[in-house]
Amino acid sequence: MPHIQEDPVLISARREALIVFACWVIAMTWSVSYCYLNGYITDPSLISDKKKVEVRQPAQPGGIPELWVDHGKGSQRVEFVLGFPSWIFWGVALPWWICTAFSLFFGAFIVRDEDLGLDPEAAAALEAAHV
Amino acid sequence: MSSFLFAAAASKPHGGIGTLVALAVFILASGWIGVLANRAVHSGSFMKGFFLGNRGLGAWALALTATVQSGGTFMGFPSLVYTHGWIVALWIGSYMVVPITGFGILGKRLAQLSRRLGAITIPDFFRERFGSPALGLLASICILFYMSFMMIAQFKAGAIVMKLSWPGTESLAMSEEFSNYVLGAKHIEVFRAKKGVKPETIAKLEALQDKPFKDVSDLEGTLDSLLTPEELKAHKGAVVAAAAPIDWLYFAGLGIFTLTVVGYTMAGGFLAAVWTDLFQSVMMFFGVILLLVLALWRVGGLEVASVTAVQQTGPGFIYGPGYDPEGIGRQFLPLSLAISFFVLWVYSGLSSPAGMVRIMACDSTQTLRRSIYLLSIYNCFIYIPLIIICVCGRTLFPNLGGHSDEIVPLMALETTRDLPLSSFWAGLILAAPFGAIMATVSSYLVVISSGLVRDIYQRFIEPNASEGRLRFLSHAAMVVVGLVAVAANIQPVKYLQAMVVFSSTGTACTFLIPALMAAYWRRASVSGVLAAMFLGAGTALSLYSIGIFGLAGILGLPDNQLLGQVTSFRPYYLCGCDPIVWGLSISLIAGVAVSLCTPPPDARLISKLFDAQPAKA
């Protein structure tokens, strides 16, 4: 009985799909857990309480005022990175840029070019042209 | 209050003649593209050309149209950022992987199998892959159902963008009720002339004469407190209908929008939808970047905008689970929903019938690869900038209340105010939401009409229909669908963004697992795929029905009305999770279990689709 090989497009597509799936799992695990651990208020009664917000004058003249928020653990300064709240920067913005870089790498080096074949109509037209 | 706070915009800006001109240019350009597409579809058979663009999509057309925006991107999503704050970045965060999931999980196999099977539509694909007309019919019905919901909601959004670009339109509202309800003297005269209306009822109505009510619930509340139960039963509906505003600009907008989008889609079919979508996506890109620069410049930087916004709202604007403007303990994005939305956006984009059919139309794997590059970069410049723009918007327009979905158009008009040709620039930015809506409607028109003509008429009624007849029916189907959408929007439909989420969830629960089984699993059987499709769709519909009709109490389920966004078109969040999590899980279990319990599929067909084929001499 002749040995039947799997379709090469199926093999590469399955490999690429598994890599993509793993990437989604990693991105979700990192983003959701980092944001939940660093950017969530656990006491819902504080969410809309303006009294828990305090804006202090900047240490240096002309600087941006400091934002202090009491989210259940005493008043703490809100940290910003490049203008983003730090938990959004580390939990969403930076992973987004990393995923973009990975997507470029994935497209350039991991996805294999394959012949997708012809549909029956195109194949018939090609055959007719040869005849 | 700190001295650094900015003065909010003094008054709501409105469109000028330049805004209208910019939008008119945009509409004409879209029409012209439709004409070009019409010329291009004339090679090959009508069905393959009109509904699949002769499988010739290149990277730009595929990348920027298959998994990109709908009207919700520029309306619902910005409104959520304005209302709930930075947490919406996590809500939309899964778009970071959408470019690779959208093309990398199913793309290559779907493109290959659709060629081997000669499939032109998604129901075609399932029918031929499993040799089952019943499966094709179920797929057609599900597509028609979900796509209709999504498309009808978009018509309203298109009409309203047209309306607000009209010079001097004070109301920019895209929200559900955007004009005052007023009971005028002529309305009361009509009631006076009616038989059976008592004089004391007329007297009560006269007390309301010429008094503006901000929306229908405002008027209804007043009537409830003023009229007796008998009077309410007899006249409430008629009074509300009489007081409803006739919004001529809305109807004009609805007419122009419908003519434009149905017209160019009829002219060029699938290619017209794709090419205009591409053109509109490019417009969106430049519109968002321009608005980002202007917004940041206007408020003095992102950190300043955040600080000001938090001062105006509360800690929830900068922390999860998100700001609750009503102060009633609503949790916009608790942990369970954060996980759910990471599933929702990724898998709904992947299994959208409009997106899948574009992947079937791509010309090669190189195109899929390049599409990943393009879309990754494109998404980076759309979603995070939109969040930044809306955080800045909260600073400039602190009190939009129930009109938060106006934020992007308001920002466009406000930030361009001091530029030369300001209203023209604003019009170009406004073309972005308008383009997103047109693109969505156009692609759904193609999917729905192909469902009616190819999957139902040609398959079940007249398999030997001539090309001319199919062409006529395809055009007629588009006109009828457009007319139905207009009729459904004479009383504007509510809940645009909620309908987008419903439709996305429904299609994902229906098609994702069956498509994965079709592409990768030899043992998948017709019964298994039918079970996966039917139970996935059924689960999503059941949970939405429980939420919309308030059946949780009757079924003894705990109430969770304070989860997620504010809307009455909401699902029941079983264990706090969105229906997509349950729909996909049940679809997967049913698909695998039923396939394993039923006879295996035809070995010859499987070999044709899964094994290397000998090269033709």
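Buried residues make up 63% of the 617 residues in chain B, where buried means under 20% relative accessible area, exposed means over 50%, and partly exposed is anything in between (1.4 Å probe, protein chains only). Before we go on, a word about what you're looking at. This is a predicted model, in which local features need pLDDT of at least 70, side-chain atom pairs count only at pLDDT 80 or more, and totals for chains, interfaces and linings use all residues. Residues are numbered from 1 along each chain as its sequence is written, chains are lettered from A and ligands numbered from 1 in the order in which they are written, and side-chain values use heavy atoms, with hydrogens and water left out.

Let's stay with chain B for a moment. Its secondary structure is made of 27 helices and two strands; here helices (H or I, at least four residues) and strands (E, at least two) are DSSP runs, numbered from the N terminus. Take the contacts in chain B with a separation of 6 or more: 83% of them come from residues 24 or more positions apart, and a contact means heavy atoms within 4.5 Å.

Now zoom in on some spots inside chain B. Helix H18 of chain B, residues 353-360, is mostly covered, with eight of its eight residues buried. Among them are Pro353(B), Arg358(B) and Met360(B).

Next, find Met411(B), which sits in helix H21 (residues 407-415) of chain B. With a relative accessible area of 0%, Met411(B) is buried. Who does it touch? Setting aside neighbours within four places in sequence, the contacts of Met411(B) include Leu291(B), Ile389(B) and Phe397(B). Compare two pairs of residues by eye. Met411(B) and Gly184(B) are 227 residues apart in sequence and 35 Å apart in space, C-alpha to C-alpha. Leu36(B) and Ala267(B), on the other hand, are 231 residues apart in sequence and 8.8 Å apart in space, again C-alpha to C-alpha. Leu36(B) belongs to helix H1 (residues 17-40) of chain B, and at 28% relative accessibility it counts as partly exposed.

Thr505(B) counts as buried, at 0% relative accessibility. Not counting residues up to four places away in sequence, Thr505(B) touches Leu344(B), Ala540(B), Tyr544(B), Asp578(B), Pro579(B) and Ile580(B).

You'll find Cys575(B) in the loop between helix H25 (526-548) and helix H26 (579-597) of chain B, and at 63% relative accessibility it counts as exposed. Its phi is near 55 degrees, a positive value in a residue other than glycine.

Time to turn to chain A. Its secondary structure comes to three helices and five strands, and along the sequence they follow the pattern α-β-β-β-β-β-α-α. The radius of gyration of chain A is 27 Å, well over the 14 Å that the globule rule gives for 131 residues, so chain A is more spread out than a compact globule. That radius is taken over C-alpha atoms, and the globule rule is 2.2 Å times the number of residues to the power 0.38. Along the principal axes, the C-alpha atoms of chain A fill a box of roughly 85 × 35 × 25 Å.

How much of chain A is buried? Of its 131 residues, 40% count as buried. The accessible surface of chain A is about 7,500 Å², with 63% of it belonging to carbon and sulfur atoms. One residue to look up is Leu82(A), in the loop between strand S4 (80-81) and strand S5 (84-85) of chain A. Leu82(A) is exposed, with a relative accessible area of 64%, and it has a positive phi of about 55 degrees although it is not a glycine.

In all, 76 residues of chain B are in contact with 73 residues of chain A. The area buried between them is about 6,500 Å², of which carbon and sulfur atoms give 71%; buried area is the accessible area (1.4 Å probe) that two parts lose on being put together, summed over both. On the chain B side, Met96(B), Lys108(B) and Tyr319(B) lose the most area to chain A, together 12% of what that side buries.

Definitions and conventions:
Areas by Shrake-Rupley, 256 points an atom, 1.4 Å probe, with all protein chains shown as cover.
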